[in-house]
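Me: I have a protein model to look through. Can we take it step by step?

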Amino acid sequence: MSALNLTLWAGTLGRHDFAVRLDCAAQAGYQAMSVAPWECRAPDGTRSQAAGLRKRADDRGITISALDPFTTWLSLTDATPDDTGSEQASYARLFASYQPAEIFTMAAELGVTTVTAVAPGDRIWSPAQAVDGFAAACAEAAGYGLSLQLEFMPFTPISNLQSAWEVVFEAGTANGGLVL
């Protein structure tokens, strides 16, 4: 039996910053951790800090395993914004400052091979638009040597395993999958 590789997911420690999570991961014996886009570049920032984050993690013996979340993948379709003012829509608008090319560039700077796609909460879309958007994002990600993993969450439009599987299956890409 091989050793268990543990990954500390960014959302696990809530709003703690990268340095705190890195320290926790190292002290608790984790081998890897994920990073959020806003840790690479603050929404009001102009320059990515991804390479610096990677170096700090490398210095502590921690691999950065994924960039999470990537919510603008549906912007590659013509889904229309939903201005309901919901909490999810507020988060989606915040995350919208990270467009696909920037997400994929940051992932490359971090040295990760996986980006986690989450359904944006500020869009009204059809299942066909979700499939088309995921397929388009996978095609763009492939140019960076990246895979996308679609994460379903009960408070997003892709709320369960069945709906997530249908998107991934119908998209039919070699670099698209699910995260459980």
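Reply: Start with L161, which is found in helix α7 (residues 161-171). Helices are DSSP runs of H or I with at least four residues, strands are runs of E with at least two, and both are numbered from the N terminus. This is a predicted model: local features need pLDDT of at least 70, side-chain atom pairs count only at pLDDT 80 or more, and totals for chains, interfaces and linings use all residues. Residues are numbered from 1 along each chain as its sequence is written, and side-chain values use heavy atoms, with hydrogens and water left out.

Me: Is L161 buried, exposed or partly exposed?

Reply: Buried means under 20% relative accessible area, exposed over 50%, and partly exposed in between (1.4 Å probe, protein chains only). L161 has 43% relative accessibility, so this residue counts as partly exposed.

Me: Is G145 buried or exposed?

Reply: G145 lies in the loop between α6 (127-142) and β7 (147-151). Its relative accessible area is 54%, so G145 is exposed.

Me: What distance separates the C-alpha atoms of G145 and V112?

Reply: Along the chain, G145 and V112 are 33 residues apart.

Me: Which strand holds P69?

Reply: A cis peptide bond joins D68 and P69. The omega angle there is about 5°. Residues 63-70 form the strand where P69 is found, and that is β3.
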